[in-house]
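Let's take a walk through this protein together, stopping at a few spots along the way. Keep the picture open as you read.

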Amino acid sequence: MSAELSEPLAFKFHLLNEQGQQTSLFRKRGSFDGETLLLDGVPIPAAGMLQTAIRENRMVVVYLTVDGGIAHVAFMPTTKKETDELKRRLDIARSATWAQMHREALTKRGRGDAYRDACCPRCTATVILTDMPPSPQLYCPFCDSLTTTDSIAGPIPGEESLRLCEECGMYSRPRKFTIFYFYFLLVVYGWWSRTTWRCPGCMRGQAWKMFFGNLLFLLGVPMAVAQLMRCYSGTVVGGTFRGLDGANLKARKGDVRGALAGYRSILERVPHSAGIKYNLALALLQQGDEPRAAEALELALADCANYVPAYQQLKGVYTRLGATERLQELTAMWEDVEEAQSEQDSDAAPPAGLPS
């Protein structure tokens with residue numbers, strides 16, 4: 001363990017309720033020593049954590065309880081920097097634990113030599129790759145990044161900001177947007193707003209709707225204009241992935257030919273991109289062309305052997321096509337990685353000190 005990670009991380013936080021609101025005006029103390037997360041004196045071992053997720057400086061940790069159940073806690077450290085650093089350390093610790101447990105399980109079965117892993121270039125979490133062939137890209141399920149690892153020219157510019165959009169499910173560059181409406185009815189007035197994370201292409205329709213919806217009372221128009229500007233200026237308009245948003249919009253509208261032209265242009269600049277080929281597969285699936293979608297997903301997995309989204313889609317496509325032999329080959333390749341997750345769920349329960 002590096003000297004940086006061996007030093008406990010101390011922070012202050014607010015607990016959050018199911019609506020994401022603070023439960024108290026007073027901040028509580030928390031810390032993480034590389035093995036156990038302490039939240040106001042309540043210990044949650046990293047070995048029992050199933051998932052960590054953040055939004056700005058808000059965090060949710062899903063963990064195993066003493067009785068083997070699943071619980072979660074939501075809290076808000078003081079700053080986004082603290083939240084990012086805490087998630088990074090939690091993911092490093094829990095991924096290393098899962099990898100060690102998986103390696104030990106393989107050794108017991110006499111397959112210790114088959115173990116293989118990689119370190120995520122983005123968050124440095126340990127990614128299990130047992131039985132998977134080498135590929136030019138690496139997917140990290142902890143930070144949700146897709147990274148080209150064998151590029152002679154070094155890191156691909158702009159690749160670090162690309163993820164799957166939670167709204168449309170396509171590989172893009174999601175951002176934080178605000179939806180805001182102001183209303184005034186005689187003596188009653190007010191506003192409604194919420195934040196959303198999606199790609200700029202997904203937000204365009206909502207932003208135009210917000211613009212026209214706020215025209216009557218005007219006060220909400222500046223916010224709508226600001227979101228419209230961010231929708232268009234926030235697209236991937238330059239660099240290696242220029243044209244991505246336009247191709248995605250065409251794919252969603254059913255213009256597969258136009259989308260394919262856009263994706264091909266990007267692939268001429270960056271030949272290995274499981275995310276781009278995954279988008280093409282989604283476009284083909286939308287048109288009901290499952291055989292060609294399967295080919296696109298196979299190409300995505302050739303670029304990144306452990307790209308979970310492509311694997312999940314391809315399993316469904318093979319099942320619907322009745323491609324039994326190819327389905328068996330695919331699931332056999334992923335068997336050890338999926339077993340590693342299930343082993344963690346069972347072997348880590350109940351680790352000492354988990355809250356009930």
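A polar contact is a pair of N or O atoms within 3.5 Å; within protein, one must be able to donate a hydrogen and the other to accept it, and residues adjacent in sequence count only if both atoms are side-chain atoms. What you're looking at is a predicted model, where local features need pLDDT of at least 70 and side-chain atom pairs count only at pLDDT 80 or more, while totals for chains, interfaces and linings use all residues. Residues are numbered from 1 along each chain as its sequence is written, and side-chain values use heavy atoms, with hydrogens and water left out.

Start at threonine 148, in strand β11 (residues 145–148); strands (E, at least two residues) and helices (H or I, at least four) are DSSP runs, numbered from the N terminus. Its side chain makes a polar contact of 2.7 Å with that of glutamate 159, and another, at 3.1 Å, with the side chain of glutamine 137. Is threonine 148 buried or exposed? Threonine 148 counts as buried because its relative accessible area is 9%, and buried means under 20%, exposed over 50%, partly exposed in between (1.4 Å probe, protein chains only).

Now hop over to helix α7 (residues 274–286), which has 13 residues. Of those 13, 12 are buried, among them Tyr278, Asn279 and Leu280. Just after α7, glycine 288 takes a positive phi of about 80°.

Last stop: tryptophan 208, in helix α3 (residues 200–214). This tryptophan 208 is partly exposed, because its relative accessibility is 36%.

Conventions
Expected span 1.5 Å × (residues − 1).
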